Amino acid sequence: MKLKGYQYNTDGKTIHEQYLDCTLTIKNKNIVKIKIGDFIELYPKEYHSESSNIIELNKSHRPKTDLPKKCNYFIKYKHKDKLESIYLNINYLNYLRLKWEMRMFLIQSKDFALILISAIIGGVITYLLTPKC
């Protein structure tokens with residue numbers, strides 16, 4: 001899943017641009033590629049395995065005037081022992097698609113599937129073993 005967002009400019013070299021355009025690619029709960037501006041491309045999945053994990057996906061509660069283009073969600077990830085944020089301007093449907101891609105729903109966990117299957121099997125066995133009148 002490809003998303004467009006904005007990342008805060010932390011190098012301080014360019015004063016006029018506070019936020020840089022950013023494109024990130026997410027696959028199987030990991031960040032595969034981050035392209036910041038026109039020049040910087042990061043591949044955290046290949047080189048920094050711990051920084052490819054997304055730590056948080058939250059709704060932004062900061063004032064809209066402080067954020068670029070009225071972004072309403074942000075993703076936190078770890079890069080070189082530092083927390084970085086990418087701000088996203090997405091609608092609710094894209095937010096649900098992103099949560100599904102990151103496997104954040106309860107139904108996608110293996111534990112939930114095992115509990116559900118064992119409950120169904122237990123119910124079938126109980127139904128078969130109860131005497132019929």
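**Terms and values**

Analyst: Leu128 has its place in helix 3 (residues 110–129), where helices are DSSP runs of H or I with at least four residues, and strands are runs of E with at least two, numbered from the N terminus. The model is predicted, so local features need pLDDT of at least 70 and side-chain atom pairs count only at pLDDT 80 or more, while totals for chains, interfaces and linings use all residues. Residues are numbered from 1 along each chain as its sequence is written, and side-chain values use heavy atoms, with hydrogens and water left out.

User: Why is Leu128 called exposed?

Analyst: Its relative accessible area is 59%, and exposed means over 50%, buried under 20% and partly exposed in between, with a 1.4 Å probe and protein chains only; Leu128 is therefore exposed.

User: What makes the largest nonpolar core a core?

Analyst: Such a core is a set of buried Ala, Val, Leu, Ile, Met, Phe, Trp, Tyr and Cys residues joined through side-chain atoms within 4.5 Å. The largest one has 19 residues, and Leu3, Leu24, Ile34, Leu88 and Leu98 have the most contacts inside it. Strand 2 gives the most to this core, with four residues. A second, separate core of five residues includes Tyr6, Tyr19, Cys71 and Tyr87.

User: How do you know where confidence is lowest and highest in the chain?

Analyst: By pLDDT, the predictor's confidence in each residue, from 0 to 100: helix 1 (residues 44–47) is lowest at a mean of 62, and helix 3 is highest at 93. The mean for the chain is 76.
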